[in-house]
Amino acid sequence: MYFEDFKSLLYSDTLVSDIFISQYMPSMDSTCVKVYIYMLFLCKHNKKVTSDELAKTLNLSLDEVKSALTNLDNLEVITWVEDKIQLSDLKEAEIQRMYKLKSVSTPEQANANFEKNKSRNNTLAAINSKFFQGLMAPNWYLTIDNWFTIYKFDEDVMYTLFKYCHDNNTFHKSYIEAVATNWHRRGIQNFFDLEKYFEDMSQVRGIKGTIIKKLRLRRALTEYESEYVERWVIDYKYGFDVIELALKKTVGKTNPDFKFLNSVLTRWHDLGLVTVEEILGYENSIKSQPQAGQSTQKTKPKQSQRDNFEQREYDDEYFENFFTNTSK
């Protein structure tokens, strides 16, 4: 028996799951989306196609098609083995991940965490409503729940994390996770910790701007240079008055090196030097010390030998003998 779809292309539809749109598509480029949707269309009609035919149909190069297939395979949206491509069931994969996560907790643990979970659910609902327009992908719920476990954030800190990244117009998972990791490294757990960190970062931003002006840089600081400044301000507790002492050591350098600045400030910090007065005293003591190979004793100036003798005294007998001897 042979069954044929009675609908023509004019009346048929190709379905794309919401999980793909909300969870996978934001991290794809347009070529990947284009290739994936066309493969959905081909699978629905049980069609076969080669990579060359796919490239010609979609007006892409063969390299672009292969790159898209590789990216889709890495995202586990498809499975690509040699000439065979199988589209993944994204709904089933998501259900399996959710089931696995729920099965690791015992009923006793679930009851003990009821109030905490209730508070977290309220936070998740607020994040979903504010930053995802109520359409947050299921994978985000699992990710956020995992972040609660790893970073030990209070609920208000987790919400502020998403607000901070959203306000900075960098709202993708890898960036949010990087910010969360940095906050965790800074020991942030509750909102009081976060407020103190924001105060420190406000000071960091001001000092970064001053450094750019002092060094006459025509660019913003790189990520690594910014990390140096954060270390000096937040970890070492140095204000700009101390940092400026290190900047003065770069006078005459064509390209000021932040590694050099960091080595100077790190040395002062390791020595326990806190104030400008302590640092200047330390630097002056170094200048006053003799260099290696130099003697600490002062050499006496060499005296002239012209007057360095005692005047002899001559008596009458000496002169008489002198003339007697010479006349012989």
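Visitor: What is the relative accessible area of Tyr159?

Guide: Begin with the classes: buried means under 20% relative accessible area, exposed over 50%, and partly exposed in between, with a 1.4 Å probe and protein chains only. Tyr159 has a relative accessible area of 26%, so it is partly exposed. This is a predicted model, in which local features need pLDDT of at least 70 and side-chain atom pairs count only at pLDDT 80 or more, while totals for chains, interfaces and linings use all residues. Residues are numbered from 1 along each chain as its sequence is written, and side-chain values use heavy atoms, with hydrogens and water left out.

Visitor: Where is Tyr159 found, and which residues does Tyr159 touch?

Guide: Contact means heavy atoms within 4.5 Å. Tyr159 is in helix 9. Not counting residues up to four places away in sequence, Tyr159 touches Thr123, Ala126, Ile127, Lys130 and Phe131. Between Tyr159 and Lys130 there are 29 residues in sequence and 9.8 Å in space, C-alpha to C-alpha.

Visitor: How many helices and strands are there in the chain?

Guide: Helices (H or I, at least four residues) and strands (E, at least two) are DSSP runs, numbered from the N terminus. The chain has 16 helices and 2 strands. Of its 328 residues, 30% count as buried.

Visitor: At what angle do the axes of helix 9 and helix 11 cross?

Guide: Axes are lines fitted to C-alpha atoms, for helices over the stretch in contact, and angles run from 0 to 180 degrees between N-to-C directions. For helix 9 and helix 11 (residues 191-214), the axes cross at roughly 35 degrees and come within 9 Å. Helix 9 contributes Asp156, Val157, Thr160 and Tyr164, which meet Phe191, Leu194 and Phe198 in helix 11. By class, the residues of this contact are 5 nonpolar, 1 polar and 1 charged; Ala, Val, Leu, Ile, Met, Phe, Trp, Tyr, Cys and Pro count as nonpolar, Asp, Glu, Lys and Arg as charged, and the others, Gly among them, as polar.

Visitor: Which residues touch the most other members of the largest nonpolar core?

Guide: A nonpolar core is a set of buried Ala, Val, Leu, Ile, Met, Phe, Trp, Tyr and Cys residues joined through side-chain atoms within 4.5 Å. In the largest one, of 52 residues, they are Leu161, Phe162, Ile211, Trp232, Ile243 and Trp268. This core lies between domain 2 (113-189) and domain 3 (194-286), because both give residues to it; the domain bounds come from an automatic or database domain assignment. Another core lies apart from it, with 23 residues, including Met28, Val35, Val65 and Leu90.

Visitor: With which residues is Phe162 in contact?

Guide: Leaving aside neighbours within four places in sequence, Phe162 is in contact with Ile127, Phe131, Phe132, Trp140, Ile144, Trp147, Phe171 and Ile176.

Visitor: Which residues of helix 13 are buried, and which helices do they pack against?

Guide: In helix 13 (residues 240-248), the buried residues are Phe240, Val242, Ile243, Leu245, Ala246 and Leu247. They pack against helix 11, helix 12 (223-235), helix 14 (258-270) and helix 15 (276-288).

Visitor: What is the phi of Gln133, and what is that of Asn169?

Guide: Phi of Gln133 is near 55 degrees, a positive value in a residue other than glycine. Gln133 is in the loop between helix 7 (114-131) and helix 8 (138-151), and is exposed, with a relative accessible area of 62%. Asn169, also not a glycine, has a positive phi of about 55 degrees. Asn169 is in the loop between helix 9 and helix 10 and counts as exposed at 72% relative accessibility.
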